[in-house]
Each structure stands twice: as structure tokens, then as C-alpha cells.
Amino acid sequence: MPQIEVKNVGFQYAKSEERDSALKRISFSIEKGEFVSLVGKNGCGKSTLAKLLNGLFEPSEGTVLVTGVDTSNEDTIFEVRSKAGMVFQNPDNQMVATIVEDDVAFGPENLGVEPSEIVKRVDDSLAAVGMTEYKTATASRLSGGQKQRIAIAGVLAMKPEILILDEATSMLDPDGREDVMSVVKKMNEDGITVINITHDMSEVALSQRVIALKEGEIIFDGTPKALFDSTEILKRANLDLPPVGKLKRTLVESGIKIEGDTLDEDELAEEIWQSLK
Amino acid sequence: MFKDIAFGQYYPTSSFVHNLDPRIKLLLTVLFIVTIFFIQTYFSFLVTLVFLIVVILFSRVPVLSVLKSVKGILFLVLFAAIINLFFVSTGEVIYEKVITDWWTFRITWDGVHNSIKLTLRLIFLITGASIISLTTTPMRLTDGIESLLKPLKVIKFPVHDIAIIMSIALRFIPTLLDETHKTINAQKARGAAFDTGGLIKKAKSMLPVLIPLFVSAFRRADELAFAMDARCYNATEKRTKMRKLKLGWRDLIATLFVAGYATFIFVDRYYFLGLDHVLFPGVF
């Protein structure tokens with residue numbers, strides 16, 4: 001059974017006929033341990049889809065199953081939300097407490113975890129995101145990247161199986177972005193399913209699978225490589241190649257042969273080196 | 001512009017006072033404040049001063065940061081003192097001048113004593129209150145308040161909701177202050193003037209700052225609500241706390257110390273009835 005199953009899901013914000021549906025009967029499923037990127041231009045329904053995946057929104061039609069549990073069932077909603085943790089875009093608007101450790105403890109406190117176990121989870125989660133030394137720091141004084149790592153720690157403390165990032169890096173500087181993505185990559189290697197909503201094509205290159213949305217419909221579902229190779233889909237989804245991909249395409253177009261299909265900077269450098277030899 | 005706001009002014013260090021249970025600190029602060037209003041004699045004020053110095057020493061907070069919060073209310077203190085000086089008309093007259101048929105300007109010894117005592121009282125009150133905010137993190141303070149209000153749950157008072165509202169409010173003070181600065185700068189860049197003109201003009205010039213601030217505060221509230229929902233927030237009994245408040249030997253010592261001080265003040269007021277006459281003969 002797939003970990004997440006989206007079956008014929010439609011979603012409409014206001015119950016009026018004039019407004020277009022944010023999502024139009026889409027279906028897909030995600031297996032445990034996958035690293036999926038969700039892309040598309042603003043207003044395509046990415047964030048709506050994210051909020052449907054952990055029961056913050058209830059689908060207008062169709063069903064969303066997370067680990068087999070229906071997200072529109074009120075009684076099991078907290079089970080869904082604790083399994084599918086979510087990190088939002090603005091680091092300032094998702095911190096509940098003034099002190100870092102109190103914020104990380106918020107999730108497990110809500111779940112009614114034993115105090116001694118909470119302390120352990122807080123320590124473990126902070127260690128996992130590399131923020132142990134900031135345990136008693138004032139959250140508002142941290143940098144954006146650090147705040148987002150705290151937010152991830154807050155999700156980890158609930159022992160989730162799925163991590164949903166809703167443009168979690170879009171307000172960060174390049175360093176913060178890199179820190180957050182390396183933490184996310186590590187989480188994924190530890191077996192947590194990652195769903196990353198992003199505009200950044202370098203982040204897409206990190207994932208194993210991309211789902212591209214346009215006007216509430218899925219227009220692409222495949223590997224990043226396949227997406228980057230298809231100029232037509234990139235154009236339709238209003239997407240751009242990552243810098244590495246752009247460089248590769250330009251090289252190929254000017255007649256330099258690049259054999260592999262890498263999207264990694266270092267590997268590409270190596271290949272260029274090989275072709276020049 | 002907002003630099004003087006002394007709120008959430010926690011001074012991070014470890015001390016006897018820092019490590020007290022926040023509930024005890026809250027209760028003792030209330031006891032101290034009540035006691036201050038029972039002080040009658042200058043001798044008691046002297047004792048209070050010594051008491052506060054001892055507390056500050058044990059809190060390892062620099063005296064300067066305590067005085068800073070006193071500075072914030074200096075204007076209020078001065079105002080209250082002057083009102084007292086001019087409007088208390090009982091006691092031995094020092095200076096008198098008939099201004100109109102219905103009002104005689106008069107300064108009396110009672111007025112002088114009243115304003116001195118009021119000044120001392122207010123300064124001590126702020127000092128006492130600032131010690132608790134300097135030595136307790138806002139989170140522990142809300143934990144303490146939540147725990148103290150627990151009995152009200154019997155009458156269905158939403159104790160937990162109030163506590164979470166308080167801690168979120170505290171959490172967003174620096175964020176919103178930051179945003180205020182940014183908005184002010186953005187409006188200044190467009191030629192807005194905040195420091196010129198009369199009071200009304202100044203107040204009006206704050207509108208282009210306040211409106212965006214309100215709009216953004218609502219947007220933040222909306223996003224925070226989603227974030228809290230996503231982290232399974234629900235105000236039910238099931239919720240636990242990472243930190244359990246525990247009373248220790250320190251709390252007992254502190255309670256005895258403050259209770260001892262309060263007892264002295266009450267005894268001085270109701271039993272000695274003015275030790276001042278003995279200690280400062282001739283003045284009173």
C-alpha cells in the first residue's frame with residue numbers, strides 16, 4: 001500500500017461556481033521513503049495540495065489517504081498530522097514559543113507525550129538538525145535558516161513519517177537554503193518521505209521524482225532528468241532549468257559532447273574535464 | 001523610538017533568584033507589592049531599600065538594568081509627586097498664597113511627606129516588578145501563571161488558552177517591533193516625516209505605519225494558526241508539559257525571607273506606630 005494516496009481529489013476555496021477549482025480531480029500516490037518535488041508557478045495549487053496532504057484542508061471531492069487513514073475523518077486527524085509534519089514558508093510565523101527548546105517541545109506536548117520522553121525527543125531533534133547549541137536561545141534572534149531548522153526539529157519531535165516543506169527555503173539566503181536542504185536530505189536518507197514544494201530548480205535536482213502542476217492539474221510526474229530534458233513541459237509549467245542544466249544544454253548546443261545525465265555540479269565538472277582530455 | 005520598551009527584558013544568567021519556581025516568584029512579588037502600600041514610616045522605607053538590595057545581589061542582575069526600568073516611569077512618578085505636593089492641604093503649612101477667592105495655593109508638611117513616600121513607593125514597586133521580569137523567562141512566567149490559575153478550571157475558565165495566548169503574544173513582540181522599524185523606514189524612504197509637527201500631526205503620521213502593521217499581524221495570525229494546527233494543537237486535557245514546575249529548598253528560603261520582611265512592615269505600621277519618632281527625633 002502506498003504511504004500517501006490521492007484519489008480524484010478536487011478542491012475549491014469558496015463555494016461559488018464562478019471561481020475555478022484550485023485542484024481538478026487529481027490522483028497520484030507516493031511510496032514510503034520517496035523524495036518528491038512539487039513544482040509549478042504561483043497559483044497552480046501546490047500549497048493547496050500540501051495542505052490537503054496533512055488534513056489542514058479537507059478535499060471538496062475525492063479522498064486523501066495518509067498511511068491508509070482518511071484525512072477528512074475528524075477523529076483521526078491528529079494521527080494524520082503527527083505522521084505528516086509540515087514546515088511553512090515564513091520562519092517567523094510558525095514559531096509558537098520564545099525559546100528554541102520550548103518551540104520544539106510544542107508538537108509532542110500537544111500529542112500528550114510524557115515529559116521525560118519530550119526532553120529526549122527535543123534533544124534528539126535538535127541534534128538531528130545541528131542546532132543543539134542553540135537549545136536555550138531566543139528564537140527571534142536566529143537567522144532565517146536556523147529558524148527553519150528549528151521548525152524542522154519541531155516536526156521531527158512528533159516522530160513523523162512524512163515531511164512536507166511548503167516553500168520552506170524561499171525566504172532564506174543561499175547559505176540558509178543549503179543548510180536546510182542538507183538537513184532535509186539527511187532526513188530522507190533516514191527513511192522519512194519528503195515532499196518539497198519549491199521554485200528552486202536546484203532543489204528539484206536533489207529529488208527522485210517531480211510532480212509539476214498547472215492550473216490545478218498534474219502535467220508532469222517523473223524524474224527530474226526527464227523534466228529537464230523536456231523543453232515543452234518546462235515551457236508549459238513556466239519552469240526554468242537549474243544552473244547546471246542550463247550550462248549543460250548550452251554546452252551540448254555548441255557541440256561539446258557530454259555523456260552522462262548528471263545534475264550535480266561536481267560530476268558535470270568532471271565530465272567536462274573528461275571530454276576536454 | 002521603541003528602544004525603551006522594557007518588556008521581556010530577561011537577563012540571562014544563573015542565580016538564586018533565577019532558579020526560583022516562577023509561581024513562588026509571582027506570589028512573592030504580589031506580596032511585596034501589597035506590603036509596599038502598607039509602609040508608613042521612613043524607617044520601613046529604609047528596610048525596604050536594604051531588602052531590595054539583598055534581592056538584587058542574590059539575582060546577580062546588574063543594578064543598571066534595574067534602574068533602567070525605573071527610568072521608564074520617572075515622568076509618572078514626578079507627576080504624581082507634584083500633584084500630591086500641591087493638593088494635600090492638611091497639616092502644618094509651609095507656604096501659602098491666596099490666588100483667587102476659591103483657591104489658596106498651599107504647601108504643607110503632610111503634602112511634602114506624602115509626595116516623598118509616594119515617590120519611594122512607586123520606585124520600589126517598579127524595582128520589585130522588574131526583578132521578576134529580569135530573572136524569569138516569559139515562558140516560565142506563563143507556565144507559572146497557568147499553574148496558579150489552574151483552580152479556575154473548576155468554573156470553566158479557559159486557563160490553558162489564556163496561557164497560550166500570553167506566550168504567543170510575548171513571542172511576537174520582537175517580531176512585530178522589528179516589522180514596525182521596517183515599515184517606518186519604508187515610509188521614511190517615501191518621504192514620510194514622523195518627527196515634525198504638533199502632537200496631532202505626529203499621531204496622524206503614524207497611520208501609514210499602523211495600518212500595514214495591522215494587516216500583517218492578521219496575516220501572521222492566519223499562518224500561525226495553520227502552523228499550530230499542523231503541529232496537532234488542541235486545547236484538551238491530554239496535552240502535557242515538557243517542564244514540570246517543582247518546588248525546592250530555595251523556594252522555602254525565599255518565602256521565609258519575603259514573609260519576614262512583610263511581617264516587619266506590618267508590625268512597624270500597626271505595633272510600633274511610627275518608629276520614626278524614636279529614630280529621627282526632632283524631624284517628626
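**Exercise 1. A pair of strands in chain B**

In which sense do strand β1 (residues 93-100) and strand β2 (residues 103-108) of chain B pair, and over how many bridges? Find also what joins the two strands.

*Solution.* Keep in mind that this is a predicted model.

- Step 1. Look at residues 93-100 and 103-108 of chain B: β1(B) and β2(B) pair in the antiparallel sense, over six bridges.
- Step 2. Pick out one position: B:T100 has B:W103 of β2(B) opposite.
- Step 3. Follow the chain from β1(B) to β2(B): a hairpin of two residues makes the link.

**Exercise 2. A nonpolar patch and a helix beside it**

Which helix of chain B gives the most to the nonpolar patch? Then decide whether B:L78 is buried or exposed.

*Solution.* 

- Step 1. List the patch: B:L78, B:F79, B:I82, B:I83, B:F86, B:F87, B:I99, B:W102 and B:W103 make a nonpolar surface patch of about 990 Å².
- Step 2. Helix α4 (residues 74-87) of chain B gives the most, with six residues.
- Step 3. B:L78 is found in α4 of chain B. Its relative accessibility is 53%, so B:L78 counts as exposed, the cut-off being over 50%.
- Step 4. Now turn to B:L118 in helix α5 (residues 109-135) of chain B. Leaving out residues up to four places away in sequence, B:L118 touches B:A80, B:A81 and B:N84. Its relative accessibility of 22% makes B:L118 partly exposed.
- Step 5. Compare sequence with space: B:L118 and B:V77 are 41 residues apart along the chain, and their C-alpha atoms are separated by 7.9 Å.

**Exercise 3. A leucine that touches both chains**

What does B:L224 touch, not counting residues up to four places away in sequence?

*Solution.* 

- Step 1. Locate B:L224 in helix α9 (residues 207-230) of chain B.
- Step 2. Read off the contacts: A:N93, A:Q94 and A:M95 from chain A, together with B:I168 and B:F172 from chain B.
- Step 3. Check the accessibility: at 6%, B:L224 counts as buried, since buried means under 20%.

**Exercise 4. An enclosed strand**

Why is strand β9 (residues 209-214) of chain A described as largely enclosed? Name its partner strands too.

*Solution.* 

- Step 1. Five of the six residues of β9(A) are buried, so the rest of the structure largely encloses this strand.
- Step 2. One partner is strand β3 (residues 35-39) of chain A, which pairs with β9(A) in the parallel sense over four bridges. Here A:S37 is opposite A:V210.
- Step 3. Another partner is strand β10 (residues 217-222) of chain A, which is antiparallel to β9(A) and joined to it by five bridges. Here A:L213 has A:I218 as its bridge partner.
- Step 4. Two residues lie between the strands in the hairpin of β9(A) and β10(A), where A:E215 has a positive phi near 45°.
- Step 5. Side chains meet here as well: A:R209 and A:D221 form a salt bridge (2.9 Å, N to O). The pair links β9 and β10 of chain A across 12 residues.
- Step 6. A:R209 counts as buried because its relative accessibility is 13%, whereas A:D221, at 39%, counts as partly exposed.

Conventions: Residues are numbered from 1 along each chain as its sequence is written. Chains are lettered from A and ligands numbered from 1 in the order in which they are written. This is a predicted model: local features need pLDDT of at least 70, side-chain atom pairs count only at pLDDT 80 or more; totals for chains, interfaces and linings use all residues. Side-chain values use heavy atoms; hydrogens and water are left out. Two strands pair if DSSP finds at least two bridges between them. Buried means under 20% relative accessible area, exposed over 50%, partly exposed in between (1.4 Å probe, protein chains only). Contact means heavy atoms within 4.5 Å. Patches are made of residues with over 30% relative accessible area and no salt bridge: like charges are joined within 9 Å, nonpolar side chains (Val, Leu, Ile, Met, Phe, Trp, Tyr) within 5 Å. Accessible areas come from the Shrake-Rupley method with a 1.4 Å probe; for residues, only the protein chains shown count as cover. A salt bridge is a side-chain nitrogen of Lys or Arg within 4 Å of a carboxyl oxygen of Asp or Glu.
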